[in-house]
Amino acid sequence: MKELKGCGMRSSVGFLSRRELTGQPLMKEEFQRRRLAGCTSLYKKDMLGHFGCVNAIEFSNNGGEWLVSGGDDRRVLLWHMEKAIHARSKPVKLKGEHLSNIFCLAFDSTNKKVFSGGNDEQVILHDVERRETLNVFLHIDAVYSLSVSPVNDNVFASSSDDGRVLIWDTREPPHGEPFCLASYPSAFHSVMFNPVEPRLLATANSKEGVGLWDIRKPRSSLLRYGGSMSLQSAMSVRFNSTGTQLLALRRRLPPVLYELHSRLPSFQFDNQGYFNSCTMKSCCFAGDKDQYILSGSDDFNLYMWKIPKDPEAGGPGRVVNGAFMVLKGHRSIVNQVRFNPHTYMICSSGVEKVIKVWSPYQQPDSLGDLEGRVEDKSRSLYTHEEYISLVLNSGSGLSHDYVSQSIQEDPRMMAFFDSLVRREIEGWSSDSDSDLSEEAIMQLHARGRRSTRATPAVPTAASAAGHHSDSDNSSSSSLAGPDASGGEEQARAEGEERPRRRGRHQRHQSGFLVNEDSDSSEFWLDPMPRPRSPSPRDNSTLSSPHLLPFTSRRSLQLFHVHLQFQQ
């Protein structure tokens, strides 16, 4: 029988979702569950609309009919998923536009409002139907994460680079002072309300790891997860749908699962090739009962693990080795991932300008199969010379070019992030505003010259478990901080006494730092490098290092060294 075009979602998920089912109300859920469990890969399709890296994606509530996305092009796009997949409509651009990179998004429970936050130190509240801006909430530093209260759409939490977690009420005057739940010397990269117990919030901090907070007891966390390893560089935290478990991402460590009231990990998840070091990433649960977890990786792949039913699985270290599914198809680092439990669709994004849609159901013009027999042509990493050549020959540096409104792949951006991956593979990093010796630069450049084109392959997270970060956007101290028992009060005191480091509209000049107090000759990347985009009025070039959004003055020195070699 001839297959009807576009029958994928509408003939299976759509049928089961919309038809009145009698006698077997769980037929759809069981069908979806078995469908995914029998897959070793998924169909994939690209959604194009952004002009730069896509840093944030979120499905709407109660069905996931909509997807909102934001990124380096400073635009908030709203996608009607079914129409977008069937190429019947383009995304809608909301009128409120940020002045710099967008890092986080959130729907309210009615899906009538969207919150967006980013590097321009503000949160914009958008009206979805009218596309208008309803309100703006000013911060004093970059906003990395947002979460709307599950019981009150007027209340939302934000986490920021200034080391604070703030609780806002949209009914208060725009310039009113928000409620400060937490204040640390280091950045909070993620925050989320517990979906069942809204008085509880989970956070991920760049130095203090994962914490649980009670809104009634501010300034001191209820629980610090990780036991003796609680002082880790955490970048993302998510509750499951019942609020009983937390999933967290940590730099250079495997994803980790905690039970709500236990500080020790239930499981850690690893797989050969998985690595999380070069960029900021998020994670999420998947499946109708949150029986899977998802995370992107520096090796350009998306990993799905199944949570064991046996609490003793994984041995003493509780490490689940071996992913349930490795989804291949991205052409650069995968940073963001979200799962829609109603349609079993997965959306992922990152360095590329695309949002990739994964599904166990074939869609129009989708690629791949469910058995993993169709192999993708994996591209090779750009060499160090190719990276430098691309930037120098372009004549415009690594500035954002949104005037052309191009959705085509940008080789300079791909090469830049390839250089981060390559440095992790080779074990060296040098991007910093700190002064390095000319000899060190020459050595680094020489190593780059010896490098040859390689396919993306990085060590496993488990092998790098002891390889901690030495730097942070706000501090050059190492991760070896106060112990779990007394460190929090000390950190809190330091946070309260700490002068705010930046005024509004001041820009981060570089996403990379080194430990200036260290005598070591090794140079580490910042735990979560975040590329910065300039104002639309800026014309960044290589002759203006203070305006460069993606490279630091150290990169310029490497470029100059490269020119000396050529001469």
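**Figure 1. The hairpin of strand 8 and strand 9 in the predicted model.** Five residues lie between the two strands of this hairpin, and R131 takes a positive phi near 65° there. Strand 8 covers residues 122–127 and strand 9 covers residues 133–138. The two strands run antiparallel and are joined by five bridges. One of the residues to look for is H126, whose bridge partner in strand 9 is T133.

**Figure 2. Helix 6 and its two ends.** Helix 6 is made of the 16 residues 411–426. Most of helix 6 is covered, with 13 of its 16 residues buried. At the start of the helix, D410 places a side-chain oxygen within 3.0 Å of the backbone nitrogen of R412. Just after the helix comes G427, which takes a positive phi of about 80°.

**Figure 3. E208, in the loop between strand 15 and strand 16.** Strand 15 spans 200–205 and strand 16 spans 209–214, with E208 in the loop that links them. Is E208 buried or exposed? E208 has a relative accessible area of 8%, and because buried means under 20%, this residue counts as buried. The side chain of E208 makes a polar contact with the side chain of R224, at 2.7 Å. P185 is 23 residues away from E208 in sequence, while the C-alpha atoms of the two residues are 9.5 Å apart in space.

**Figure 4. S41 and the residues it touches.** S41 is found in the loop between helix 3 (27–37) and strand 1 (43–48). Its relative accessible area is 13%; the limit for buried is under 20%, so S41 is buried. Leaving aside residues up to four places away in sequence, S41 touches M325, L327, D369, L370, E371 and G372.

Figure 5. Of its 567 residues, 58% are buried. The chain exposes about 23100 Å², and carbon and sulfur atoms supply 49% of that area. How many of the contacts between residues at least 6 apart in sequence join residues at least 24 apart? In this chain, the share is 62%.

Key:
Residues are numbered from 1 along each chain as its sequence is written. This is a predicted model: local features need pLDDT of at least 70, side-chain atom pairs count only at pLDDT 80 or more; totals for chains, interfaces and linings use all residues. Side-chain values use heavy atoms; hydrogens and water are left out. Helices (H or I, at least four residues) and strands (E, at least two) are DSSP runs, numbered from the N terminus. Buried means under 20% relative accessible area, exposed over 50%, partly exposed in between (1.4 Å probe, protein chains only). A polar contact is a pair of N or O atoms within 3.5 Å; within protein, one must be able to donate a hydrogen and the other to accept it, and residues adjacent in sequence count only if both atoms are side-chain atoms. Contact means heavy atoms within 4.5 Å. Accessible areas come from the Shrake-Rupley method with a 1.4 Å probe; for residues, only the protein chains shown count as cover. The expected span of a helix is 1.5 Å times one less than its number of residues. Two strands pair if DSSP finds at least two bridges between them.
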